[in-house]
Amino acid sequence: MNTEPATPAEDFQIHPLSGAAARPGRQLSAPLSAELAATLAAAPAGAASVRAVDLRVPLLEKNDILAERNRGYFLGRGLAALNLVSSPGAGKTTLLERTLDEFGRQTRCAVVVGDLETDNDGMRLHRPHAPVAQITTGGTCHLDASMIARGVESLDLEGVKVLFIENVGNLVCPASFDLGERVRVVLLSTTEGEDKPLKYPPIFKSADLVLLTKVDVADALGFRRDLAVANIQRIAPQARLIQLSTRSGEGIAEWYDFLRGLLPPR
Amino acid sequence: MHEVGIMESAIDAVLHQARVHQAQRVHRIVLRIGTLAGVEPDALRFAFDVVTHGTVAAGAELAIESVPARARCAACAADFTITTGFIATCPRCGQLSGDLRSGRELELARIEMS
């Protein structure tokens, strides 16, 4: 429980690249926990002996509260938010480029993309029809809910139905940070090992959807798709699985169908 | 090393409680960490020493309680404790379960202070 408003990492910055909001968006109020803290502060102070206080405070309470706020905000706007997580180089940006060019022409999409440094990915995703904000975390190994709140504030979300959050390339740390997304998408590419799900289980355990990417080069690489699929299913039986290649187009229609399934009924 | 960030957040909460209770010193802190939380207790301990330095919680004992992972088997309609790492296999019928009921906890459970 903490009364201070959540502050992002020091070097954290937002760079709206296209479709910036015409005026500043909503302001964040103090966390809900301030109310609880005030209640506790009103309690009489005890004697100087050792006292034990039993609590159930989530260690990431600040992040969890902001994540719930984001979720409510997205829900209120009828916006489906997807959090894309993978190792660096698994094909998140390439998949989003194609998705914006095809799916994004029918359904308005926005992107918040995180990296430690540079706006290279934001520039790659830059499209006149899609608002994009690049977040540089300045060294932090994951995106957190406050970064998303501010990144989203910087964008014009008018008419946007799908928000893609491209997380920092990292299979470990993003697992612990809820961003308020509706769907957590974990990507595994055929240029990685078939046993990645066994080596990095927490992130796969938290996945709603697993994308096996770059399947067009699987045979050339000697990558055993059946083995990878079995490993994914052992660790993440809760997750839907789509095998695709952004280059050849295999599985892309299934990915778009999945996205369409997230849209509110007309 | 997201353990440092998690521990910073935990110590913020501890120091807040210490202020609320006008405590001069924090003696013991108990955390509850799920076995599938993806957080290393050793890394948490290391981070604890770093982030408590120079605070009323410096030198406090850090106790970490492990919360076993449990899942529900849809076929048996019963919960079971996962003993096979991250692979949740029902001990009765052998089916895999994706319905995790506990094991991801990251909680501050108790503070002892004076």
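Modeller: Axes are lines fitted to C-alpha atoms, for helices over the stretch in contact, and angles run from 0 to 180 degrees between N-to-C directions. This is a predicted model, in which local features need pLDDT of at least 70 and side-chain atom pairs count only at pLDDT 80 or more, whereas totals for chains, interfaces and linings use all residues. Residues are numbered from 1 along each chain as its sequence is written, with chains lettered from A and ligands numbered from 1 in the order in which they are written.

Biologist: At what angle do α2(A) and α6(A) pack?

Modeller: Helices (H or I, at least four residues) and strands (E, at least two) are DSSP runs, numbered from the N terminus. The angle between α2(A) and helix α6 (residues 145–153) of chain A is about 35°, and their axes are 8 Å apart. A contact requires C-beta atoms, placed from the backbone, within 7 Å. On that criterion α2(A) contributes A:N63, A:L66, A:A67, A:R69 and A:N70, while α6(A) contributes A:A145, A:S146, A:I148 and A:A149. Five of these residues are nonpolar, three polar and one charged. In this scheme Ala, Val, Leu, Ile, Met, Phe, Trp, Tyr, Cys and Pro count as nonpolar, Asp, Glu, Lys and Arg as charged, and the others, Gly among them, as polar.

Biologist: How do α1(B) and α2(B) pack?

Modeller: Helix α1 (residues 3–20) of chain B meets helix α2 (residues 41–52) of chain B at about 55°, with axes 9 Å apart. The pair is therefore oblique, the class left over once angles under 35 degrees are taken as roughly parallel, over 145 as roughly antiparallel and 65 to 115 as roughly perpendicular. The crossing of α1(B) with α2(B) is right-handed: the near helix is turned clockwise from the far one by less than a right angle. The residues that touch include B:M7 and B:I11 of α1(B), and B:L44 and B:F48 of α2(B). This contact has nine nonpolar, one polar and two charged residues.

Biologist: Which elements does chain B have, from the N terminus on?

Modeller: Their order is α-β-α-β-β-β-β-β, that is, two helices and six strands. The C-alpha trace of chain B spans about 55 × 25 × 15 Å along its principal axes.

Biologist: How many residues does the contact take from chain A and from chain B?

Modeller: Chain A supplies 36 residues and chain B supplies 30 residues. Among the elements of chain A that give two or more residues are α1 (33–41), β2 (51–58) and α2 (61–77). The most come from β2(A), with eight residues. The side of chain A that touches chain B has 22 nonpolar, seven polar and seven charged residues.

Biologist: In what order do the four strands of the open sheet run?

Modeller: Strands of a sheet pair through backbone hydrogen bonds, either parallel or antiparallel; pairing here needs at least two DSSP bridges. The order is β2(A)-β6(B)-β1(B)-β2(B), with mixed pairing. The edge strands, each pairing on one side only, are β2 of chain A and β2 (61–67) of chain B. From one strand to the next the twist averages 15°.

Biologist: Which bridges join these strands?

Modeller: β2(A) and strand β6 (residues 106–113) of chain B are antiparallel over six bridges; A:D54 partners B:R110, and A:R51 partners B:M113. Strand β1 (residues 26–34) of chain B runs antiparallel to β6(B) over seven bridges, where B:I33 has B:L106 as its partner. Seven bridges also join β1(B) to β2(B), which run parallel, with B:L31 bridged to B:I64.

Conventions
Two residues are in contact if their C-beta atoms, placed from the backbone, lie within 7 Å.
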